[in-house]
Amino acid sequence: MGTVRETSNGEAAYQQEKSKHKGKHDKPKPWDDPSIDHWKIEKFDPSWNEGGMLEVSSFSTLFPQYREKYLQEAWPVVKGALKEYGVSCELNLVDGSMTVSTTRKTRDPFIIIKAKDLIRLLSRSVPAPQAIKILNDGIDCDIIKIGNVVRNKERFVKRRQHLLGPNSSTLKALEILTGCYILVQGNTVAVMGPYKGLKQVRKIVLDCIQNKMHPVYHIKILMLKKELAKDPALANESWDRFLPKFKKKNVKQKKVKSKEKKPYTPFPPPQQPSKIDLQLETGEYFMSDKKKSEKKWREKQEKQAEKTAESKRKREAAFVPPEESVVQQEGGRSTIDSSDVAAMASSFKVKAKELSKQKVSERINAEEYIATTEASSKKKTKQPA
């Protein structure tokens, strides 16, 4: 900070004093060029760390028993991929674990974290050729736990199926739009891809399992965002006005019938009579064992008789003729409604007209028939001459 001098041009002297220290720290830096992308991840060069690692770092993870056979077959491929980066790996079939650790040849300090993600993906049923891609720059992974989100198992399976869709069509659409590899396996979802895609997939998966929004609606939103990103005029504007807003619809559920509450009484309900009390009332308590058995047998016979009578009545009901409608007779003559007589007369007239029409159509001209017979007889007589 410059000091002010008591001169006529004190202001100019102050500016001169201040400008002396201007360039001490405010020199132009080579990385202040706007053409340089500061977010770009450059590929690691081994010359940056020629000394290697000072300490050995190692990570291990367990794998399920059903993955043992596949890992045995694919382990040479995994070992060869890690050897390029100077990382050693070990498959322990006794403990069911995989271990990765750094060596003296390891140069990249972050590669051990990538190797840890590799063995995690292999344990979650990701194929080895796909899991090896995690060693490349710009690709990361995320394992989303979905097993503890829903307690009901049937509901959990149904919501997990929403992620897959029919013939895994929903999952394929999400992979195309987010640029990530997604594998739904058991209680976890393994995702591989860029950081932006991982964030989108995590939100979609959790919204689906928590029943906040169906993945199909997320797909619609992602498709719209992809189209809006092509327009440079909308780069610095909010896209909220273009995106759809889906409201959750509550499905009407069956109302549980609530039991009617009885009026509250401070006194307890009356005590029900016991079996002995009932026997005392009927006098059965004082009867001998023989009489008791006789009474039981008699009651049993009465019940059987009632059942046999009822079953016989049901069988005979099929053979009972139906009741016929008896025509009332007045003075020895049956009375029939005049409307029924008129209906019968009209039906007879219609039938008579139809028969007369048929006879007219079926009439035969006798003369034509005779002429034809004569002509045929003449032909027959001419033949012997």
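Helix 2 and helix 3 are roughly antiparallel to each other. Start the tour there, and keep in mind that this is a predicted model.

**Stop 1: helix 2 and helix 3**

Select residues 68–83 for helix 2 and residues 111–123 for helix 3. Their packing angle is about 165°. An angle over 145 counts as roughly antiparallel, so this pair qualifies. The axes lie 13 Å apart. Look along the crossing: for helix 2 and helix 3 it is right-handed.

Now show side chains. On helix 2, pick L71, V78 and L82. On helix 3, pick A115, L118 and L122. These residues make the contact between the two helices.

**Stop 2: helix 7 and helix 8**

Move on to residues 195–209, which form helix 7, and residues 215–229, which form helix 8. Here the packing angle is about 150°, and the axes are 9 Å apart. That angle makes helix 7 roughly antiparallel to helix 8. The crossing of helix 7 and helix 8 is right-handed.

Which residues of helix 7 meet helix 8? Select Q200, K203, I204, D207 and C208. Their partners in helix 8 are P215, H218 and L222. Apply the class colouring again. The contact of helix 7 with helix 8 divides into 4 nonpolar, 2 polar and 2 charged residues.

**Last view**

How values were computed:
Residues are numbered from 1 along each chain as its sequence is written. This is a predicted model: local features need pLDDT of at least 70, side-chain atom pairs count only at pLDDT 80 or more; totals for chains, interfaces and linings use all residues. Side-chain values use heavy atoms; hydrogens and water are left out. Axes are lines fitted to C-alpha atoms, for helices over the stretch in contact, and angles run from 0 to 180 degrees between N-to-C directions. Helices (H or I, at least four residues) and strands (E, at least two) are DSSP runs, numbered from the N terminus. Angles under 35 degrees count as roughly parallel, over 145 as roughly antiparallel, 65 to 115 as roughly perpendicular and the rest as oblique. A crossing is left-handed if the near helix is turned anticlockwise from the far one by less than a right angle, and right-handed if clockwise. Contact means heavy atoms within 4.5 Å. Ala, Val, Leu, Ile, Met, Phe, Trp, Tyr, Cys and Pro count as nonpolar, Asp, Glu, Lys and Arg as charged, and the others, Gly among them, as polar.
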